[in-house]
Amino acid sequence: MDTFQNTIPFVDISRPSIEEPVQSLTDKFGRRFEYLRLSITDVCNFSCQYCLPDGYQCNTSREFLNQDELLMVVKAFAQMGTKKVRITGGEPSLRKDLVDIIRQTAQVDGIEQVAITTNGFKLEKDIDAWVDAGLSSLNVSVDSLDARQFEMITGDGRLQSILRGVDKAIQHGLQVKLNAVLLKSLADHQLPMFLNYVKHNNLTLRFIELMQTGDNKAYFDAEHVRGEEIEARLAELGWVRKTKAQWAGPAKVYRHHDYEGRIGLIMPYSKDFCADCNRLRISSLGKLHLCLFAEKGLDLRELINKSIKQHAPQLLVEEIRALMGQKHATHYLDEGYAGATQHLAMLGG
Ligand code: SAM
Ligand code: SF4
C-alpha cells in the first residue's frame, strides 16, 4: 500500500488563482454539489441483513484506489467547490492506510470537513488517531442498542465497544451521528430505545428508511417501514423540525427541548427527496456515480492516472463537469428500480 509520504508532489498549475472564484459544480436542475462521498474499499467484516447477509464475497482480484489516486480525486473535486468529503466503504476502517487518507484529504485546499461512515468496530481503538489526522465528523451505524438484536442484524458482538467509541468521539468534540436502518421487526423498539439514548447524548440519531437494492428484494419486502410513521410519532411527542445545516442534504432533523440529542429521518421514498441532492459518489475502483441508484458508474480511473502523470487535476475537472449532464432529476426507487447497486457496501450509502 502506498504511504502518504509517497504521494507524488506536484505544482498545481491548474488551480484557480486567489482572485479567480471557484466555479461550483451544478447540474441542469440547478442543484449544487459541494459534498463528495469517497468509497475507499468495498470489503466489509459485518454481515448486516439488509446489506451483506452472507458476509463479504468476492472472487475477482482488483485494486482499490491508492492514496495518490484518492488525493487526485479530492483535489479535482475541491477545485469545483467541494468542501466536505465523506470517506466510506464497505468498511473504511479495514484500510490500513485510513489515517493517511484522512490526513491527506484534510490537507487539500478548500476541504473544510472530513467525515467518515463506519460500522465502528475500530472506533474505540482508533478514534484518537483519526481526530489527530483531521477528522471532523463521524457517522456510526447502530441499528439497535440491544446487544442481542445488534448481533442478530450485523453478525457482530461488539456493540459495547462501539458505544464506548461513540462516547470518545463526542468527548473529542466531533459532530457525531448514529445511523439506524428502520426495520419492521424492530418497529416497536427502535424509537423508544433511541429516544432514551438521545435524552442525554449530544448527537443526532438518524433513522434511514430501508432501501431496496439489487440483492435484498425479499428482505426489503418484509422489513421496509415508511419514515412518515416515525415523523408522526415525533410530532405527537412535541419534537419540532430544525432548519437545515450547511451541506445537510436530504435528512430531516428534529429537536426537543428536553433532549440533548436530535432525531433525524432519511426518507428516500418520500416526494422531493432528490430535490436537495448535494452529493456525488466515487467508488473504490474510481467510478463516478451520479446517484446511489444510477444505472452504472462512469469509469474515471484512467483519467485519474493521466491527471496524476500530467500534474493536471483540470483534466478530471473537465470530464466530471461534462458528465454532470447525465445526472437525472430523481432516482426510480419507488418503481422498484435500484440501478447497478447490488448492495450499498459497493458504494457506501
Ligand atoms: N460499513 C459502513 C457502515 O455500515 O457505516 C459504511 C458503509 S454502509 C453501506 C453506509 C450506510 O448505509 C450504513 O449506515 C448502513 O446502515 C446503510 N445501509 C446499507 N444498506 C442499506 C439499505 N439497503 N437501506 C438503507 N440503508 C442501508
Ligand atoms: Fe458492512 Fe456497512 Fe454493509 Fe453493514 S451496512 S454490511 S457494516 S458495509
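His311 is found in the loop between helix 9 (301-309) and helix 10 (313-323); helices (H or I, at least four residues) and strands (E, at least two) are DSSP runs, numbered from the N terminus. The phi angle of His311 is near 50 degrees, a positive value in a residue other than glycine. His311 counts as partly exposed because its relative accessibility is 31%; buried means under 20% relative accessible area, exposed over 50%, and partly exposed in between, with a 1.4 Å probe and protein chains only.

This is a predicted model, in which local features need pLDDT of at least 70 and side-chain atom pairs count only at pLDDT 80 or more, while totals for chains, interfaces and linings use all residues. Residues are numbered from 1 along each chain as its sequence is written, chains are lettered from A and ligands numbered from 1 in the order in which they are written, and side-chain values use heavy atoms, with hydrogens and water left out.

- An open sheet is formed by 12 strands in the order 7-8-9-6-5-4-3-2-1-10-11-12, with mixed pairing; two strands pair if DSSP finds at least two bridges between them.
- Strand 7 (240-241) and strand 12 (298-299) stand at the edges with a single partner strand each, so one side of each is left without a neighbour in the sheet.
- Strand 7 pairs with strand 8 (residues 252-255) in the antiparallel sense over 2 bridges, and the bridge partner of Arg241 in strand 8 is Tyr254.
- Strand 1 and strand 2 run parallel and are joined by 5 bridges; Ser39 stands opposite Thr88 in strand 2.
- Strand 2 (residues 84-88) is mostly covered, as 5 of its 5 residues are buried.
- In a regular strand the side chains alternate between the two faces of the sheet.
- From strand 2, Lys84, Arg86 and Thr88 point one way and Val85 and Ile87 the other way, and all are buried.

**Aromatic pairs and charges over rings**

- Rings of Phe, Tyr and Trp (its six-membered ring) pair if their centres lie within 6.5 Å; planes under 30 degrees apart count as stacked, over 60 as edge-to-face and the rest as tilted.
- By this rule the count comes to 4 aromatic pairs.
- One of them joins Phe46 and Phe150, whose ring centres are 6.5 Å apart and whose planes stand at 85 degrees, so the pair is edge-to-face.
- Phe46 lies in the loop between strand 1 (35-39) and helix 1 (67-79), and Phe150 in helix 4 (residues 147-154), so the pair ties together parts that are 104 residues apart in sequence.
- Phe46 counts as buried at 3% relative accessibility, and Phe150 is buried with a relative accessible area of 1%.
- Phe194 and Phe207 also form an edge-to-face pair, because their ring centres are 5.9 Å apart and their planes are at 80 degrees.
- Phe194 belongs to helix 6 (residues 187-199) and Phe207 to strand 6 (residues 204-209), so this pair ties together parts that are 13 residues apart in sequence; Phe194 and Phe207 are both buried.
- A charge sits over a ring if NZ of Lys or CZ of Arg is within 6 Å of the ring centre and within 35 degrees of the ring normal.
- The charged end of Lys84 sits over the ring of Tyr35, 4.7 Å from its centre, and Lys199 lies over the face of Tyr259, at 4.7 Å from the ring centre.

**Ligand surroundings**

- Ligand 1 is surrounded by 20 residues, of which the closest are Gly90, Glu91, Thr118, Ser141 and Met211; a residue is near a molecule or strand if one of its heavy atoms lies within 4 Å of it.
- A nitrogen atom of ligand 1 lies 3.0 Å from a backbone N or O atom of Gly90, and a polar side-chain atom of Glu91 lies 3.2 Å from a nitrogen atom of ligand 1.
- A polar backbone atom of Thr118 is 3.2 Å from an oxygen atom of ligand 1.
- Around ligand 2 are the residues Cys44, Phe46, Cys48, Cys51, Leu52, Gly90, Asn119 and Ala345.
- The shell around ligand 2 divides into 6 nonpolar, 2 polar and no charged residues; Ala, Val, Leu, Ile, Met, Phe, Trp, Tyr, Cys and Pro count as nonpolar, Asp, Glu, Lys and Arg as charged, and the others, Gly among them, as polar.

**Two further buried residues**

- Gln67 lies in helix 1 and counts as buried at 0% relative accessibility.
- The side chains of Gln67 and Asp97 are joined by a polar contact of 3.0 Å; such a contact is a pair of N or O atoms within 3.5 Å, where within protein one must be able to donate a hydrogen and the other to accept it, and residues adjacent in sequence count only if both atoms are side-chain atoms.
- Pro268 lies in the loop between strand 9 (262-266) and strand 10 (279-282) and, at 2% relative accessibility, counts as buried.
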